[in-house]
Amino acid sequence: MICNTNNSINQEVNLPFQGVELFVKREDDIHPFVSGNKYRKLKYNIQEALHKKYTTLLTFGGAYSNHIAAVASAGKMSGLNTIGIIRGDELEKQIPNNATLQFAQNQGMQFKFVSRTDYRDKTSQAFIDNLVKEFGAFYLVPEGGTNPLAVKGCEEILNGDDSHFDYICSAVGTGGTISGIINSAFSHQKVLGFPALKGDFLKEDIIKFATKSNWELISEYHFGGYAKINEELITFINSFKSKTGIPLDPIYTGKMMFGIVDLIKTGYFPKGSKILAIHTGGLQGITGMNVALKRKKLPLIEID
């Protein structure tokens, strides 16, 4: 993959915070399509697939999945075929109106659409065996990309230049990104995770991969659950971009940043704290989200 990690700079957020400093690590600038944590998660998985001489990647995702778009793009760059198992069989007729699926298809990804009921069984051996019968041999990348090789890649997000920060903040989806960050964080740093989903099950997923205990999940900013957003969040995202020049996605980084700013205002962080928020990308999904917001007669998220 041709991605430039040198673009991942720490950009200061110039807002009138009292007594703390906030920076954003711009992982979203690594690549237009394989950006943020998606590049980190796929890096070693693609190396492994090529090493084992697989010719095809197979993975899973929903209608506006950043992961599906990233796997399609990364596969094409790496000379690998890609197959996406898509949640929701009704989406098969909606590809022309779905920017994410259309992009993935244009990158050469082959789709198999399954019902939401069948999709729940996607990790079962019988489900996987049937996919092998249908498509032949493939290298399996889990939904969201989290596995030990993905965590290894995410351990490279932080570097020596980040040692002066007191807090490292990350949005949390499947737990792989924050696990890598936890493992590579310095001993004096506290890692804060902002889940995009409701429920405490993420703690167990993180414990599987994290090697340290210097972390905490802040679970009050999911806005009702995965992909749930409201006018307050949209207004915050648009205002933040207008004031800082940093775009946020509504599923992950928007909720994380809303939480960070709220915690700063309520005095969660001690005076003098230096905070680094990881921008995990995900901006490609905004186009599709705006279609849904327009139907609901809600304000749109500003893209440009």
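These questions and answers cover a pocket and several salt bridges in a predicted model.

Q: Which helix gives the most to the lining of the second largest pocket?
A: The second largest pocket holds about 260 Å³ of space and is lined by 14 residues. Helix H3 (99-106) and helix H11 (286-295) each supply at least two residues of that lining. With three residues, the helix that gives the most is H3.

Q: How many residues of the lining of the second largest pocket are nonpolar?
A: Among the 14 lining residues, Leu 283, Gln 284, Ile 286, Thr 287 and Ile 303 lie nearest the pocket centre. The lining includes three polar and two charged residues, and the nonpolar ones number nine.

Q: How far apart in sequence are the parts that Glu 90 and Arg 116 tie together?
A: Glu 90 and Arg 116 form a salt bridge, with the closest N and O atoms 2.7 Å apart. Glu 90 lies in the loop between strand S4 (81-87) and H3, whereas Arg 116 lies in helix H4 (residues 116-119), so the parts tied together are separated in sequence by 26 residues.

Q: Is Lys 122 buried or exposed?
A: Lys 122 forms a salt bridge with Glu 143, at 3.2 Å between the closest N and O atoms. Glu 143 has 30% relative accessibility and counts as partly exposed. Buried requires under 20% relative accessible area; Lys 122 has 15%, so Lys 122 is buried.

Q: Which strand holds Glu 216?
A: The side chains of Glu 216 and Lys 190 meet in a salt bridge at 3.2 Å, N to O. Lys 190 lies in strand S8 (residues 190-195), and Glu 216 lies in strand S9.

How values were computed: Residues numbered from 1 in each chain as written. Predicted model: local features only at pLDDT ≥ 70, side-chain atom pairs only at ≥ 80, totals over all residues. Heavy atoms only, no water. 1 Å grid on protein atoms, 1.4 Å probe; cavity = no way out; pocket = protein on both sides within 12 Å on 5 of 7 lines; lining within 4 Å. Points joined across faces, edges and corners; volume = space filled by probe spheres on them. Helix = DSSP H or I, 4+ residues; strand = E, 2+ residues; numbered from the N terminus. Nonpolar A, V, L, I, M, F, W, Y, C, P; charged D, E, K, R; others polar. Salt bridge = Lys/Arg side-chain N within 4 Å of Asp/Glu carboxyl O. Buried < 20%, exposed > 50% of the residue type's maximum accessible area, 1.4 Å probe, protein only.
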